Amino acid sequence: MKYINEEAMPDQCPPAVAKSENVKDVFRFLEKKVPNAVDFDNHITRNKWYGPESNKCSAIALSFFTTPEKVSAERIRIKKFRKASVVKGDIHEHHGVHSISNFHLNLWVFSGINLFEEFTRKEESKK
Amino acid sequence: MISNYKEFSDLNPIVIFEYYDFPMFYVAQNSRDDIYLNHYIEELEDGMDKWLTARITKKEYKNLVNNRVGVLDFLNKLKSTNRLHHLYFNIHEENLDNELYSELITSDNFDPESFPQENYFVDYDYLQDRPLEKITDDITHLKSFKLILKDRANKHNIELDYFNNIMGKLQNSLDSLVAHSNDETLDPAPSQSIHLNLVALEASSFGVSLMIDPNSVDIFNKSEEAIIEFMHLIDDVSNGTTQNINDQIFIDETYSIETIKNVKTFLKTISDKKYSFKIEAKDERNEVIKNVSFKENVYKNIEILEKILEEQSSEETETFTITGNLTMVSMQRNRFRIEDVETEDKEIEVDETISGRISRDVIKTIKDNKLKFYVPSKISATIERKTIADFIKDEYSSQHVLIKYEQPEESSQDVPMLKQ
């Protein structure tokens, strides 16, 4: 299996435009104050609602915002994000493939990658 | 309103404004073409996702996407018109047929934090990966339109009387659309009617080409809009889309009841003689930008308009007390007139002069007790007002009946009027 949840992937998923590249400084909202493994699980793994079936491919990907301004704008728009903590990290080409539109990045994670560790390791090294 | 999990899950998004792991703010359609706005709030502690949701009209959807209304302003409008609901979605629910709990948002359960903190315009559609920008005017520039009438025999001529009748009803329909849009724009010199010029008569079937009078002043494009809205309404009647017509009257306020009445009369005039018609609207390059038709197989859909008119028809009786000057009484005809009318009841609107009938009971009391009216003289009276608005029969009336009265016994102007 190349991707996490590959068995659930519909045809043409990830989309052809998705690429495997490094992206510096991406932001992911957290459920609690500090990062937990569950923060890096998609809604399919967590068995949570992800929209209609047509959204399944996107739902397998994890969302990130690519600028702090977009994070601030989302805090104003959606209550869930208003006071939520954010973890900042980098995406490396070995993490998966991604596509970006309007400061939103969808990452289809490669099997065997533990993004929680990847992001928190970086957090710790920063301290 | 969305009633169960399956209905919510089966909604087909047509635009996604906010996306993060799942669509958080989007507009979606169900299989009946109802349009819903869904806006995520937060996950509650017990595993419930809380959403804002409302059924919106096509016009509202367009206004949102085309940046003519901001998100906070729109949510506030939905809330103040009692159309916005909370939806509680249990993320652990497995039986999709189970009921989805929703509640109307009122001042008691409203959490201001659930709304965006400031007004903003939607800027991106994550469904089609496209930026969204302000589009102020989506009316294609209509220059002329052709009305093509056809009878069962497809004759190439038409009775002049009937033709004039149809054109009069068409003019009435368009005029009422123009008059209604005057109420909503701040046009300093509103025109009460649409100015159309007849450009050509075409004998094949029986076609009439009309264009908006180029000399008529119409800075708000109301004539163009009226023709397009008229065509939309014909389309909705032909397609039997009742909800869309109701939305246009009661939410978007595109059509007045007067418009519905006039269009119904127009369509009745067509169907009574077993005619059908087609309307083609053309732009400046003479290209057809919209066409609609009304054929014999959809005559029954006129009922949609009749039902609306019937529901809007009313008969109301109010009783209220007034003071004024009694200036005329005719015991023979049971009539009265009171001028300089005033009432203390602030919820009642009264005309300056009220005239009407004297009730039988009052007449009897006067006769039995040998009382008299003093005219002209002050009077305090209880009036029963019956207001009838029958949009089907096109009858409107307001009848007043004097059911009780009191007059000061002494008055310098007293003239006894009660004579048997």
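Which residue in S3(B) is the bridge partner of B:Tyr26? The answer is B:Asn38. Keep in mind that this is a predicted model.

Strand S2 of chain B covers residues 23–29, and strand S3 of chain B covers residues 35–43. The two run antiparallel. Five bridges hold the pairing on record here. Between S2(B) and S3(B) sits a hairpin turn of five residues. Look at B:Asp33 there: its phi is positive, near 70°.

Now the other neighbour of S3(B). That is strand S4 of chain B, residues 48–56. S3(B) and S4(B) are antiparallel too, with eight bridges.

A reminder for reading side chains here. In a regular strand they alternate between the two faces of the sheet.

Next, the contact between chains. Chain B puts in 27 residues, and chain A puts in 18 residues. On the chain B side, S1 (12–19), S2 and S3 each give at least two residues. By class, that side of chain B has 15 nonpolar residues, four polar and eight charged.

Last, the domains of chain B. The assignment gives domain 1 as 5–131, domain 2 as 142–312 and domain 3 as 314–406. How far apart are the C-alpha centres of domain 1 and domain 3 of chain B? They lie 53 Å apart.

Conventions. Residues numbered from 1 in each chain as written. Chains lettered and ligands numbered in written order. Predicted model: local features only at pLDDT ≥ 70, side-chain atom pairs only at ≥ 80, totals over all residues. Pairing = 2+ DSSP bridges. Helix = DSSP H or I, 4+ residues; strand = E, 2+ residues; numbered from the N terminus. Domains from an automatic or database assignment. Contact = placed C-beta atoms within 7 Å. Nonpolar A, V, L, I, M, F, W, Y, C, P; charged D, E, K, R; others polar.
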